[in-house]
Every structure is written in structure tokens, then in C-alpha cells.
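Student: I have a model open and want to walk through it. Can you take my questions as they come?

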Amino acid sequence: MCGISGFIGQGTESDLRRMTDALAHRGPDAAGYWTDPARGIYLGHRRLSILDLAGGAQPMITPDGSHIIIFNGEIYNFAELRAELISRGHKFVTDHSDTEVLLNGFREWGADLPRRLNGMWAFVIYDRRTRQLFG
């Protein structure tokens, strides 16, 4: 499993990196960070690469930069959700990332997204337009 970390409020990227590095045993393949110090948002991720080895790096950001996610887990029905989202006009950058399905699913269904998921997960999505965290 991967490891996710983050906080809101006062702190530094160095604080986030130390928190995330402490999870290296949960995600030995890669590390990623996203921060918005002006808003006090700090998100970190340690990756254990299982799905979408080439395109599943996190934190993952939508192409327009409006939403950022850190995610740990597996969405068993991501292929069905992806097909539904594509039929509704959503575009995907990756080949088969369940993380990207969560991002587009949140854009489509908002807070109802978890009701559609089959799997095990923990995630946080930051909406830069509304300046809100969802998870």
C-alpha cells in the first residue's frame, strides 16, 4: 500500500517532506509533494507502484490544475466508473489509473463520489477553485 500525508495551516514543505519520508516503508517506489503555502495546504505521497506504473504518480493534478489528489488504496470498479465518466465527456491522461478516476469522479459527482466506489481507500482531494478539501 502507499502512504499519504498532509496538513493544513502553518508549516513548511520541509515539515511535509519529513512526514512523508517517515512513510517510505509503505511506498518505496516514489515520493511526491504538492504545496500551496499561501493557503496553508501541504499534501505528500509515497508510492508503491501497482496500477498504471508509468502514469500514476501522485499527488495527481487535473490538466487544468483545479483539483489535486493524494490516494491510498484500490478502487475495484474503476474500469466501470472510467467508462461511465468517458461517456459523460471526461478526458483521461493515463491509461488505467484508479486515482485519475477518483479525480474525474469528484468533478462529476462531488461529495456523492464515495457512494459509487467499491474498494478500499483513503484519499483527499483539494479543490483550488473553492479552496476546500474533500476526503
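Student: How many bridges join β1 to strand β3, residues 41–47?

Tutor: There are 6, and the two strands run antiparallel. Keep in mind that this is a predicted model.

Student: Which residue is the bridge partner of isoleucine 8 in β3?

Tutor: Isoleucine 41.

Student: What order do the strands take in that open sheet?

Tutor: The order is β1-β3-β2, with 3 strands and antiparallel pairing. The edge strands are β1 (3–8) and β2 (30–36), and each pairs on one side only. From one strand to the next, the twist averages 10°.

Student: Back to β1. Which side chains point to which face?

Tutor: They alternate along β1. Gly3, Ser5 and Phe7 point to one face and are buried.

Student: Where does glycine 6 lie, and what is its relative accessible area?

Tutor: Glycine 6 lies in strand β1. Its relative accessible area is 33%, so glycine 6 is partly exposed. The buried class stops under 20%, and exposed starts over 50%.

Student: What is glycine 6 in contact with, leaving aside neighbours within four places in sequence?

Tutor: Leu16, Met19, Tyr42 and Leu43.

Student: And how many Å apart are glycine 6 and alanine 24?

Tutor: They are 14 Å apart, C-alpha to C-alpha, and 18 residues apart in sequence.

Student: Now glycine 40. Where is it found?

Tutor: Glycine 40 is in the loop between β2 and β3.

Student: Is glycine 40 buried or exposed?

Tutor: Buried, because its relative accessibility is 6%. Leaving aside neighbours within four places in sequence, glycine 40 is in contact with Phe7, Ile8 and Gly9.

Student: How many Å separate glycine 40 and serine 97?

Tutor: 28 Å, C-alpha to C-alpha. In sequence, glycine 40 and serine 97 are 57 residues apart.

Student: New topic: the open sheet of 4 strands. What is its order?

Tutor: β4-β5-β6-β7, with antiparallel pairing. At the edges stand β4 and β7 (132–134), each with a single partner strand, so one side of each has no neighbour in the sheet.

Student: Go through the pairs for me. How many bridges do β4 and β5 pair over?

Tutor: Strand β4 (residues 60–61) and β5 pair over 2 bridges, in the antiparallel sense. Methionine 60 has isoleucine 69 in β5 as its bridge partner.

Student: What about the hairpin of β4 and β5?

Tutor: That hairpin has 5 residues between the strands. In the hairpin, glycine 65 takes a positive phi near 75°.

Student: And how many bridges join β5 to strand β6?

Tutor: 9 bridges join β5 to β6 (residues 119–127), and the strands run antiparallel. Isoleucine 70 stands opposite valine 124 in β6.

Student: Which leaves β6 to β7. How many bridges there?

Tutor: 3 bridges, again with antiparallel strands. Isoleucine 125 stands opposite phenylalanine 134 in β7.

Student: How many residues of β5 are buried?

Tutor: 7 of 9, so strand β5 (residues 67–75) is mostly covered.

Student: Which strands does α3 lie across?

Tutor: α3 lies across β4, β5, β6 and β7. Relative to β5, α3 runs at about 125°.

Student: At what angle do α2 and α3 pack?

Tutor: Helix α2 (residues 78–87) and helix α3 (residues 98–109) pack at about 45°, with their axes 10 Å apart. The two helices are therefore oblique to each other. Their crossing is left-handed.

Student: Which residues make the contact?

Tutor: From α2, they are Phe78, Leu81, Arg82, Glu84 and Leu85. From α3, they are Asp98, Glu100, Val101, Asn104, Gly105, Glu108 and Trp109.

Student: How many are nonpolar, polar and charged in the contact of α2 with α3?

Tutor: By class, the contact has 5 nonpolar, 2 polar and 5 charged residues.

Terms used:
Residues are numbered from 1 along each chain as its sequence is written. This is a predicted model: local features need pLDDT of at least 70, side-chain atom pairs count only at pLDDT 80 or more; totals for chains, interfaces and linings use all residues. Side-chain values use heavy atoms; hydrogens and water are left out. Buried means under 20% relative accessible area, exposed over 50%, partly exposed in between (1.4 Å probe, protein chains only). Two strands pair if DSSP finds at least two bridges between them. Axes are lines fitted to C-alpha atoms, for helices over the stretch in contact, and angles run from 0 to 180 degrees between N-to-C directions. Angles under 35 degrees count as roughly parallel, over 145 as roughly antiparallel, 65 to 115 as roughly perpendicular and the rest as oblique. A crossing is left-handed if the near helix is turned anticlockwise from the far one by less than a right angle, and right-handed if clockwise. Contact means heavy atoms within 4.5 Å. Ala, Val, Leu, Ile, Met, Phe, Trp, Tyr, Cys and Pro count as nonpolar, Asp, Glu, Lys and Arg as charged, and the others, Gly among them, as polar.
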